[in-house]
Amino acid sequence: MSLKDNILEELKNNRDFISGQALADKYNVSRGAIWKSINTLKKDGYVIDSVTNKGYKILSQDNVISSDEIKLYLGEYSNNINIRIFDSIDSTNTKLKSMATEGAPEHTLIIANHQTNGHGRFGRNFYSPSQTGTYFSLLLKPDFNITSATLITSMTAVAICKSIESLTGKTPGIKWINDIYFDNKKIAGILTEASTDFETGMIHYIIIGIGINISTKDFPDEIADKAGSLGENISKNKLIASIISNIYDMYYRLPDSGFINTYRHYSIMIGKSITYKIKNVTHTGTVTGIDDFGGLIVLSKNGDTVTLTSGEVTILSF
Ligand code: BTN
């Protein structure tokens, strides 16, 4: 454990003030080193009171991601989960991919407060500023083949919507296939990545990456008109735990895909005019439904019905 983590543990275990000298003596470092770690913890979002001649006391751990708190909310699902929290990382998906290659167990959950190279589908950047969002990836090693894996993204979208609805009381929407909208703005995205055995089609592992804007206000110009946030008062720990347990509720029932009805309920696509691409040719059509595997059923302008299973669509008017 780093000095900062040790100090955090000490503060959490002490309801009263603890002096800088006592901490310095215990960890065999200077008081200056303690002061530096305290400042880093403050930057991380912890509210710490510092009083001359008394020392330090933790006042609030509001919206600071804590594996203990997440496990508490996870209940029965906390037993085999293995959580790692990073202050800043390139991408939780990239990190988890390299950990999976090195044999990380199923149910490893990587969470970051900031990503320097967060990305979405088609290699696009996912804006992941420090503290104002939450970015996490879960490792699953399902015993089924890649065709069932396509349901994982739809299942995750449902999990996120249910959690947001229960925490905010407002109904979010899913823009096929992996974008979550709230008050007509995109507030979350999902990037599901899989490693499969080419011969058998069986899955080595799946990584579900989720990025949610919680209180981000200033977005880069290119996404400023369509990106939004959930709201300041959302507890990150509750939100993460709720999403993970919703995912598990559905994951353990696969290949039962009954949740597709809930996906349909949250979908903002039905009846919308869209453009979509097949083999790099752009088509126009109207969405008529979602099939039982999460595919988008579209009545094209020339009268054919097509079911899209991947790719990206653009809604012509919301
Ligand atoms: C999208 O909008 O196309 C998907 C965005 C997915 C972003 C999440 S944030 C956590 C995980 N790490 C990444 O680099 N991407 C996913």
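**Note on aromatic pairs, helix packing and salt bridges**

1. Tyr 77, Tyr 248, Tyr 251 and Tyr 252 form one aromatic cluster. The structure holds six aromatic pairs (rings of Phe, Tyr and Trp, the last by its six-membered ring, with centres within 6.5 Å; planes under 30 degrees apart are stacked, over 60 edge-to-face, the rest tilted).

2. The model is predicted: local features need pLDDT of at least 70, side-chain atom pairs count only at pLDDT 80 or more, and totals for chains, interfaces and linings use all residues. Residues are numbered from 1 along each chain as its sequence is written, and side-chain values use heavy atoms, with hydrogens and water left out.

3. How are the rings of Tyr 77 and Tyr 248 arranged? Their centres lie 5.1 Å apart and their planes stand at 45°, so the pair is tilted. This pair links distant parts of the chain, 171 residues apart. Tyr 77 sits in the loop between α4 (67-74) and β3 (82-86). Tyr 248 belongs to helix α7 (residues 236-251). Helices (H or I, at least four residues) and strands (E, at least two) are DSSP runs, numbered from the N terminus.

4. The cut-offs: buried is under 20% relative accessible area, exposed over 50%, partly exposed in between (1.4 Å probe, protein chains only).

5. Next, helix packing. Helix α1 (residues 3-13) and helix α3 (residues 31-44) have axes that come within 9 Å and cross at roughly 80°. α1 and α3 are therefore roughly perpendicular to each other. Axes are lines fitted to C-alpha atoms, for helices over the stretch in contact, with angles from 0 to 180 degrees between N-to-C directions. Under 35 degrees is roughly parallel, over 145 roughly antiparallel, 65 to 115 roughly perpendicular, and the rest oblique.

6. Which residues make the contact (heavy atoms within 4.5 Å) between α1 and α3? From α1 come Leu 3, Lys 4, Ile 7, Leu 8 and Leu 11. From α3 come Ala 33, Ile 34, Ser 37, Ile 38, Thr 40, Leu 41 and Asp 44. By class, this contact has eight nonpolar, two polar and two charged residues. Ala, Val, Leu, Ile, Met, Phe, Trp, Tyr, Cys and Pro count as nonpolar; Asp, Glu, Lys and Arg as charged; the others, Gly among them, as polar.

7. The structure has six salt bridges (a side-chain nitrogen of Lys or Arg within 4 Å of a carboxyl oxygen of Asp or Glu). One of them joins Lys 97 and Glu 193, with the closest N and O atoms 3.0 Å apart. Lys 97 is in helix α5 (residues 92-101) and Glu 193 in strand β8 (residues 185-196), 96 residues apart. Lys 97 is partly exposed at 28% relative accessibility. Glu 193 is partly exposed at 21%.

8. What else does Glu 193 touch? Leaving aside neighbours within four places in sequence, its contacts are Asn 93, Lys 97, His 119, Tyr 205, Ile 206 and Ile 207. Glu 193 and Arg 121 are 72 residues apart in sequence and 9.6 Å apart in space, C-alpha to C-alpha.

9. Asp 183 and Lys 170 also meet in a salt bridge, 3.0 Å from N to O. Asp 183 lies in the loop between β7 (179-182) and β8, Lys 170 in the loop between α6 (146-168) and β6 (173-175). Lys 170 is partly exposed, at 38%.

10. Asp 179 pairs with Lys 186 in a salt bridge at 2.9 Å, N to O. Asp 179 counts as buried at 6% relative accessibility. Lys 186 counts as buried at 19%.

Key. Contact means heavy atoms within 4.5 Å.
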